[in-house]
Amino acid sequence: MGCRRRAPAGELLRVIAVGDGVDYNLRPDPARKLPGRGAHLHPDPACLALAQRRRAFGRALRVSGVPDTGALAEHINASTSTSGNPAGRGSQAR
Ligand SMILES: [Zn+2]
């Protein structure tokens with residue numbers, strides 16, 4: 001979404017917005033189970049930064065205002081800093 005590179009859906013991180021209509025938080029949804037409108041992003045800090053700069057989240061998630069990307073950035077940074085590991089961190093508690 002942010003960088004417009006195409007990728008298989010399985011490689012993209014689903015992101016949803018949680019909020020009260022004014023302020024909202026972006027939350028990663030790696031299990032793709034959370035309800036609501038989702039956006040898809042490469043799990044990559046550069047892609048997140050691009051999406052923010054383009055305000056792509058607002059368009060994709062139909063929200064206005066400035067999103068709080070703290071939780072999402074943390075998730076992405078955590079998953080990219082351990083990219084040497086096979087994907088198997090799902091059971092790790094926050
Ligand atoms: Zn991307």
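Trainee: Is His42 buried or exposed?
Mentor: His42 is buried, at a relative accessible area of 8%. Buried means under 20% relative accessible area, exposed means over 50%, and partly exposed is in between, with a 1.4 Å probe and protein chains only. One caution before we go on: this is a predicted model, where local features need pLDDT of at least 70 and side-chain atom pairs count only at pLDDT 80 or more, while totals for chains, interfaces and linings use all residues. Residues are numbered from 1 along each chain as its sequence is written, and side-chain values use heavy atoms, with hydrogens and water left out.

Trainee: Where does His42 lie?
Mentor: His42 is in the loop between strand 3 and helix 1. Helices (H or I, at least four residues) and strands (E, at least two) are DSSP runs, numbered from the N terminus.

Trainee: And what does His42 touch?
Mentor: Not counting residues up to four places away in sequence, His42 touches Cys3, Arg5, Arg6, Ala7, Leu12, Cys47 and Ile76. Contact here means heavy atoms within 4.5 Å.

Trainee: Which residues are the protein donors of the zinc ion?
Mentor: They are Cys3 through SG, His42 through ND1 and Cys47 through SG. These donors lie 1.8 to 2.2 Å from the zinc ion. Donors are N, O and S atoms within 2.8 Å of the metal (3.2 Å for Na, K and Ca); water is not among the atoms, so sites may look incomplete.

Trainee: How are the donor residues spaced in sequence?
Mentor: The spacing is C-x38-H-x4-C. Cys3 and Cys47 link distant parts of the chain, 44 residues apart. Cys3 sits in the segment before strand 1 (13–19), and Cys47 is in helix 1 (residues 45–53).

Trainee: Is Cys47 buried or exposed?
Mentor: Cys47 is buried, with a relative accessible area of 1%.

Trainee: What about Ala46?
Mentor: Ala46 is in helix 1. Ala46 is partly exposed, at 47% relative accessible area.

Trainee: Let's zoom out. How many helices and strands does the protein have?
Mentor: Three helices and four strands. From the N terminus on, the order is β-β-β-α-α-β-α.

Trainee: What share of the residues is buried?
Mentor: Buried residues make up 24% of the 94 residues. The accessible surface is about 6,200 Å², and 50% of that belongs to carbon and sulfur atoms. Those areas come from the Shrake-Rupley method with a 1.4 Å probe; for residues, only the protein chains shown count as cover.

Trainee: And contacts along the chain?
Mentor: Take the contacts with a separation of 6 or more: 62% of them are between residues 24 or more positions apart.

Trainee: New topic. What lines the second largest pocket?
Mentor: Among the lining residues are Tyr24, Gln52, Arg55, Phe57 and Pro67. Helix 1 and helix 2 (56–61) each supply at least two lining residues. The largest share, three residues, comes from helix 2.

Trainee: How much space lies in that pocket?
Mentor: About 170 Å³. On a 1 Å grid over the protein atoms alone, a pocket is an open set of points with protein on both sides within 12 Å along at least five of seven lines, and lining residues have an atom within 4 Å of a point. Grid points are joined across faces, edges and corners, and a volume is the space filled by probe spheres set on the points.

Trainee: Is Arg55 buried or exposed?
Mentor: Arg55 is exposed, at 63% relative accessibility. Arg55 lies in the loop between helix 1 and helix 2. Its phi is near 55°, a positive value in a residue other than glycine. Most residues other than glycine have a negative phi.

Trainee: Where is Arg32 found?
Mentor: Arg32 is in the loop between strand 2 (24–28) and strand 3 (38–41). Its phi is also positive, near 55°. Arg32 is partly exposed, with a relative accessible area of 36%.

Trainee: Last one. What is Thr69 in contact with?
Mentor: Leaving aside neighbours within four places in sequence, Thr69 contacts Leu26, Leu48 and Gln52. Thr69 counts as buried, at 12% relative accessibility. Thr69 is in the loop between strand 4 (67–68) and helix 3 (70–80).

Methods: On a 1 Å grid over the protein atoms alone, a cavity is a set of points where a 1.4 Å probe fits but cannot get out, and a pocket is an open set with protein on both sides within 12 Å along at least five of seven lines; lining residues have an atom within 4 Å of a point.
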